[in-house]
Amino acid sequence: MNRKTEGIDLLRALCLEFGPSGCEDRVADLIKENIEGSYDELIEDRMGGVVALIRGNGKTDKKLMLNAHMDEVGFMVREIRDDGLICFSSMMGPDTRIMAGRKVTVGVPERLTRGVMAIKPVHTVDRGDRDKSAPIDEIYIDIGASSKEEAEKYVKIGDYGTFESDFVQFGENGRMLKAKALDDRLGCALMIETMRKIYANKDNLTYDVYFAFTCREELGMGGVKCTAHKVRPDYALVFEATAVADIHGVPEVSKVAVRGEGGAVSIMDRHTVYDKELTQLILDVSKEKDIPCQIKKYVSGGNDASHIQRSADGVKCAVISAPCGYIHTASDVVALSDYESMCELTLAVLERMNENA
Amino acid sequence: MLNYLRELIKIQSVSGSEEKLALYIKGEMEKYFDECEIDPMGNLICHKAGEGKKLLFCAHMDEIGFIVTTVDDKGFVHFAPVGGIDFVAAAYSKVVFENGIRGIMVPEEGLKSDDFKAEKFIVDIGAKDKKQAERLVKTGDTFAVEPSYTRLRGSRICGRPIDDKIACAILMAAAREADKFENDITFVFSVQEEVGIRGSKVAAFRCRPDYGIAIDVTATGDGHGSKPMAVSLGGGAAIKIKDSSVICDGALVKKMEQVADEKSIKWQREVLTFGGTDTASIQMAAAGCKVGAISVPTRYIHTANETIDTNDAQACLELVVALAETKL
């Protein structure tokens, strides 16, 4: 089956694929099929990442790395109970508000099973606890098995899981996109589209450009650490999704970014102070080419840039993030226009870096 | 050394914005060292080739401060802390932005000091509304509590940021003795120490030293209500055994103590039960190296009145020079 797609279809296919942290193989395969014919060389990545190189014309010996992570927030099977219900550990942080009633996929790449996240019915919950979300050890995954033996045919301890969630375009003229894992398959899709365009015009490319699709970002373990150490880039651009907090009830001053106003460029987050020149170059290109982008207004979060920046003898890093509502839930929501403008801005930034080289 | 300190204090260098300070130090260091370069993260790396072992000394250039997140409708500046800020110490301080704009750091009216945190503070820069404020400062600008330098009785001084500009001044003063150095010496003026010892890691990877010695400030046990700690103000250069980020190399510590004794330099041992320094990241960079640290005993660290005894700083300077000129 040819799984090579583009535009919204590519984004949809990437988001729907199963790829919690530590189990990114299916996403890696899908990416490899989609970048086929758009690179010069695949670099071995022992952490399970996909790293592709497009060679420059040799005008500079500088190396540029583009990075997005393949993994999504998920969970891991911890125990299978006698009644066939499954206990799990979260790999998506402690927020259990987002879990009850969700459809999930559990398993390993070659063996996936569907289930739902089950909680006690409300009338059996103490009155005082009814408006609180259930603690994680009172949420189970029901895969429809009636006993431990039956469940063990489909699920094993140590299996991975993610939300099952459809990809929906909604709002006026389909301006918003909703899916699981937009963080960071959106970055992956952007890199694939960028690779295709750049490879088609590679005679003009001065830098060697490495496209690194990496693992385990959501666990903070940075599969990218080893990738960056191996590639030893001079510059790195990281494509990410960021929380926005642009919803009603959040104080004006706590808002991080606004959906629909372009990719968010960070000056500083909890783990990285970004390179000033590279960041300014992005802001300048955005202004000159009239491509929207915004400065992230809150020092929060972190991403693979922290590992890249401090790999080997140091790398100049910048990040562009898609403002993403309800991030790390089954319904990440981004504005289509932000994705499109980020793609456009990326090409324009690469072009400028080419000229400057 | 103290002349350097006075100059360095005036040049603001909040973590991530050390470039101006790096250029100033580079200008001085080029007079005494062969090669001075600034790496991708902004670390200033100065090298003086020599016959002996590769010995790296490191002082961090960055100071704690703040970064603008947004400006509200009243024209008040909201911010996030950069590094370990104590808001009891920062409340109602005068602050100064990189571009010279001044302001006052103000907590919400009526807020108890137990509830002090960044989200509850704003900086009043005297702007009458958002529009006016946004002409003066923008998201991502950094600022810090006003710098100062005050002489107290005897050999003691206070001000900010002593952490870690005193160490930068020590290395700059040591560089003037470069002719005497026997070892292959690198002075690293590192970035982003206060936000998690980030810069020194890549600098040490680049240099691959045999020995790494960080120069930083350390707490003391002789202040008003201090936790028990052997280090005292005026007790001499503190030779670090351990802090919560690092266990120093035992043989190097012994060597440092021995060299100090030989040169009659006043020293004391330091075990710090909290805090971390560049020592840790230097130790674990690349395939690792043997590390130690020399600390300037300092009271009221991370406040506007960090206090040191200049005789201790002088002892640290002498120890740096002694180690650089002793074949290791």
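**Ground rules**

I number residues from 1 along each chain as its sequence is written, and I letter chains from A and number ligands from 1 in the order in which they are written. As the model is predicted, local features need pLDDT of at least 70 and side-chain atom pairs count only at pLDDT 80 or more, while totals for chains, interfaces and linings use all residues.

**Entry: domains of chain A**

I looked up the domain assignment first; its bounds come from an automatic or database assignment. For chain A it gives domain 1 as 7–72 + 180–356 and domain 2 as 74–163. Their centres, taken over C-alpha atoms, are separated by 32 Å. Domain 1 of chain A puts 14 residues into the contact and domain 2 of chain A puts in 14 residues; here two residues are in contact if their C-beta atoms, placed from the backbone, lie within 7 Å.

**Entry: domains of chain B**

Chain B is assigned domain 1 (2–63 + 161–324) and domain 2 (65–145). I find 30 Å between the centres of these two domains of chain B, taken over C-alpha atoms. Eleven residues from domain 1 of chain B and eleven residues from domain 2 of chain B make the contact. The side of domain 1 of chain B that touches domain 2 of chain B divides into three nonpolar, six polar and two charged residues.

**Entry: the eight-stranded sheet of chain A**

Next I traced an open sheet of eight strands in chain A, with mixed pairing and the order β1-β2-β12-β3-β13-β16-β14-β15. Helices (H or I, at least four residues) and strands (E, at least two) are DSSP runs, numbered from the N terminus, and two strands pair if DSSP finds at least two bridges between them. Its edge strands are β1 (41–43) and β15 (293–295) of chain A, each pairing on one side only. From one strand to the next the twist averages 25°; axes are lines fitted to C-alpha atoms, for helices over the stretch in contact, and angles run from 0 to 180 degrees between N-to-C directions.

I then checked strand β16 (residues 316–324) of chain A: nine of its nine residues are buried. I call a residue buried if 20 or more other C-beta atoms lie within 10 Å of its own, exposed if 12 or fewer, and partly exposed in between, with C-beta atoms placed from the backbone. Nine bridges join β16(A) to β13 (residues 235–243) of chain A, and the two run parallel; V238(A) stands opposite V319(A). With β14 (residues 263–265) of chain A, β16(A) pairs in the antiparallel sense over two bridges, V265(A) standing opposite I320(A).

**Entry: the three-stranded sheet of chain A**

This open sheet has the order β10-β11-β17 in chain A, with antiparallel pairing. β10 (168–170) and β17 (332–335) of chain A are the edge strands. Three bridges join β10(A) to β11 (residues 176–179) of chain A, with V168(A) and K178(A) as bridge partners. Helix α4 (residues 182–200) of chain A lies across β11 and β17 of chain A at about 40° to β17(A). Helix α8 (residues 336–356) of chain A lies across β11 and β17 of chain A too, at about 60° to β17(A).

In helix α1 (residues 2–10) of chain B, the buried residues are Y4(B), L5(B), L8(B) and I9(B). They fall within an arc of 130° seen down the axis, so they line one face of the helix; the arc is that of the directions from the helix axis to the C-beta atoms. Their cover includes α2 (19–29), β10 (148–151), β11 (156–160) and α5 (162–175) of chain B.

K20(B) lies in helix α2 of chain B. I count K20(B) as partly exposed because it has 13 C-beta neighbours inside 10 Å. Leaving aside neighbours within four places in sequence, K20(B) is in contact with I11(B) and S13(B).

Technical notes
Ala, Val, Leu, Ile, Met, Phe, Trp, Tyr, Cys and Pro count as nonpolar, Asp, Glu, Lys and Arg as charged, and the others, Gly among them, as polar.
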